[in-house]
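Welcome, and please take a moment to look at the sequence and the model below. A short tour follows, one topic at a time.

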Amino acid sequence: MTQRHPEEPLLQGPRVVLRRWRAEDREALAAINADPVAMQHFPQRLTRAESDALADKVEEHFVQHGFGPWALEIPGVSEMAGVVGLMQVGFEAHFTPAVEISWRLAPALWGRGYVTEAARCALDFGFLKLALPRIVAFTVPANARSLAVMQRLGMRSEMKDDFLHPRLPAGHALSLHRLYQIDQGTWRDWRRGEDFPLIS
């Protein structure tokens, strides 16, 4: 895939662009998925074959649902810096069915606010274009960076909503996950005070 799908809108913030995947993005994705720092809060790093299988799954999700995790482009900095977007939660838990927002960024670009900015664009799309009633996010309690992004997005958590990830074996060190969520009304109220406009 070398061009943006015409039916898929380009999402853009002041510094970031979210777009559909291109074939050449897979190499950058594989590098992120094999990076020990980027993957420190995941059960394992991915091989190139596993990373490509994940890219295939992302493409299938776009085809089936009309949205998914977009490739993150930072003009003038990186043509493919990571992935930020929306996806149906693929397992059963007390909060499903639900759509989650997630992200993965090359560690060299951490700490510059790119993920927060891109995630705002993705939430705008989810709430204003898809009319989703609620969007969730989750990670392990030790993932302080991602938890801080969730908080900056206006998402909130309660300890009673913590859960054991059903795709990890009982007793796994990463099995406990913290759930954050935000509903459409809260997002609209919160975003009115932000410094770049809502999607029209």
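## A cluster of rings

Which residues do ring pairs link into a cluster? They are Phe91, Phe95, Phe138 and Phe163. Keep in mind as you read that this is a predicted model. A search through the whole structure turns up 10 aromatic pairs.

Let us look at one of these pairs, formed by Phe95 and Phe138. A pair of aromatic rings is described by the distance of the centres and the angle of the planes. Here the ring centres are 5.8 Å apart and the planes meet at 50°, so the pair is tilted: an angle under 30 degrees would count as stacked and one over 60 as edge-to-face. The two partners come from distant parts of the chain, 43 residues apart. Phe95 belongs to the loop between strand S4 (78-88) and strand S5 (99-105), while Phe138 is in strand S6 (residues 134-139). Are these two residues buried or exposed? Phe95 counts as buried because its relative accessibility is 4%, and Phe138 also counts as buried, at 14%; the cut-off for buried is under 20%.

## Charges over rings

The charged end of Arg20 sits over the ring of Phe62, at 4.1 Å from the ring centre. Likewise, Arg104 places its charged end over the ring of Phe42, with 4.2 Å to the centre.

## How the helices cross

Now for the helices. Helix H1 (residues 25-33) packs against helix H2 (residues 48-65) at an angle of about 120°, and their axes are 9 Å apart. The crossing of H1 past H2 is right-handed.

Helix H3 and helix H5 (residues 184-191) pack at about 130°, with 10 Å between their axes. This pair is therefore oblique as well, and H3 passes H5 in a left-handed crossing.

## A closer look at H3

How many of the 16 residues of H3 are buried? The count is 14, so H3 is mostly covered, with buried meaning under 20% relative accessible area. Its length also agrees with expectation: at 1.5 Å a residue, H3 should span 22 Å, and its end C-alpha atoms are 22 Å apart.

What lies on either side of this helix? Gly113 is in the loop between S5 and helix H3 (114-129). Gly113 is partly exposed, with a relative accessible area of 34%. In sequence, Gly113 and Arg15 are 98 residues apart, yet their C-alpha atoms are 9.6 Å apart in space. Just after H3 comes Ala131, placed in the loop between H3 and S6. Ala131 is exposed because its relative accessible area is 51%, and the cut-off for exposed is over 50%.

Two places in the backbone deserve a second look. Most residues other than glycine have a negative phi, and most peptide bonds are trans. Ala131 is not a glycine, but it has a positive phi of about 55°. Where is the cis peptide bond? It joins Thr96 and Pro97, with omega about 0°.

Notes:
Residues numbered from 1 in each chain as written. Predicted model: local features only at pLDDT ≥ 70, side-chain atom pairs only at ≥ 80, totals over all residues. Heavy atoms only, no water. Phe/Tyr/Trp six-rings, centres within 6.5 Å; stacked < 30°, edge-to-face > 60°. Helix = DSSP H or I, 4+ residues; strand = E, 2+ residues; numbered from the N terminus. Buried < 20%, exposed > 50% of the residue type's maximum accessible area, 1.4 Å probe, protein only. Lys NZ or Arg CZ within 6 Å of the ring centre and 35° of its normal. Expected span 1.5 Å × (residues − 1). Axes fitted to C-alpha atoms, helices over the stretch in contact; angles between N-to-C directions. Left-handed = near helix turned anticlockwise from the far one by under 90°. Parallel < 35°, antiparallel > 145°, perpendicular 65-115°, else oblique.
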